[in-house]
Amino acid sequence: ARLAPCCGPALTKDECRLLRALAAAQAGDAPLLDNYLYKLALDRCCRACLAEGVCCLAAALCNAGFSVPVLNGALIARLAADGRQAVLF
């Protein structure tokens, strides 16, 4: 997975996939979660472990009162145009 430099102006594709995976986990959409994680972990066993971790993080965020909105390209572009990053928590 590729990460953007700290305080960089944009999110990488992998970071966006991970955030979308968190949103899918909070929504309880297992097929969509697997779809987002597929490009991050091609190996099925690794993907299952990653999915478990993402689900635990999504549940912890939910229990703390945080909801991860589904990010789309238009939202990310609008935030970048305003000089902001898509910071969710």
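In this predicted model, Pro69 counts as partly exposed, since its relative accessibility is 38%, a value that falls between the 20% limit for buried residues and the 50% limit for exposed ones. Pro69 sits in the loop that links H3 to helix H4, the latter spanning 73–81. Although Pro69 and Ala27 are 42 residues apart along the chain, their C-alpha atoms are separated by 9.8 Å. The C-alpha atom of Lys13 is separated by 9.9 Å from that of Leu40, a residue 27 places away along the chain.

The chain holds 4 helices and 0 strands, and its elements, read from the N terminus, follow the order α-α-α-α. Of the 89 residues in the chain, 30% are buried. When contacts between residues at least 6 apart in sequence are considered, 47% of them join residues at least 24 apart.

The largest nonpolar core is made of 14 residues. Those with the most contacts inside this core are Ala21, Leu22, Ala25, Leu33, Leu37, Val54 and Val68. Three elements each supply two or more residues to the core: helix H1 (13–27), helix H2 (30–38) and helix H3 (44–63). The greatest share comes from H1, which gives 6 residues.

How the helices are arranged can be described pair by pair. Two packed helices are described by the angle between their axes and by the distance between those axes. For H1 and H3, the axes lie 9 Å apart and the packing angle is about 70°. H1 and H3 are therefore roughly perpendicular to each other, because angles of 65 to 115 degrees are counted in that class. The crossing of this pair is right-handed. On the H1 side the contact is formed by Leu18, Ala21, Leu22, Ala25 and Gln26, and on the H3 side by Val54, Cys55, Leu57, Ala58, Leu61 and Cys62. Sorted by class, the contact of H1 with H3 contains 10 nonpolar residues, 1 polar residue and no charged ones.

H3 also meets H2. The axes of H2 and H3 come within 10 Å and cross at roughly 120°. H2 passes H3 in a right-handed crossing. H2 brings Leu33, Asp34, Leu37 and Tyr38 to this contact, while H3 brings Arg47, Leu50, Ala51, Val54 and Cys55. By class, the contact of H2 with H3 has 7 nonpolar residues, 2 charged residues and no polar ones.

Val54 and Cys55 of H3 link the two descriptions: both residues take part in the contact with H1 and in the contact with H2.

Note on methods. Residues are numbered from 1 along each chain as its sequence is written. This is a predicted model: local features need pLDDT of at least 70, side-chain atom pairs count only at pLDDT 80 or more; totals for chains, interfaces and linings use all residues. Side-chain values use heavy atoms; hydrogens and water are left out. A nonpolar core is a set of buried Ala, Val, Leu, Ile, Met, Phe, Trp, Tyr and Cys residues joined through side-chain atoms within 4.5 Å. Buried means under 20% relative accessible area, exposed over 50%, partly exposed in between (1.4 Å probe, protein chains only). Axes are lines fitted to C-alpha atoms, for helices over the stretch in contact, and angles run from 0 to 180 degrees between N-to-C directions. A crossing is left-handed if the near helix is turned anticlockwise from the far one by less than a right angle, and right-handed if clockwise. Contact means heavy atoms within 4.5 Å. Ala, Val, Leu, Ile, Met, Phe, Trp, Tyr, Cys and Pro count as nonpolar, Asp, Glu, Lys and Arg as charged, and the others, Gly among them, as polar. Angles under 35 degrees count as roughly parallel, over 145 as roughly antiparallel, 65 to 115 as roughly perpendicular and the rest as oblique.
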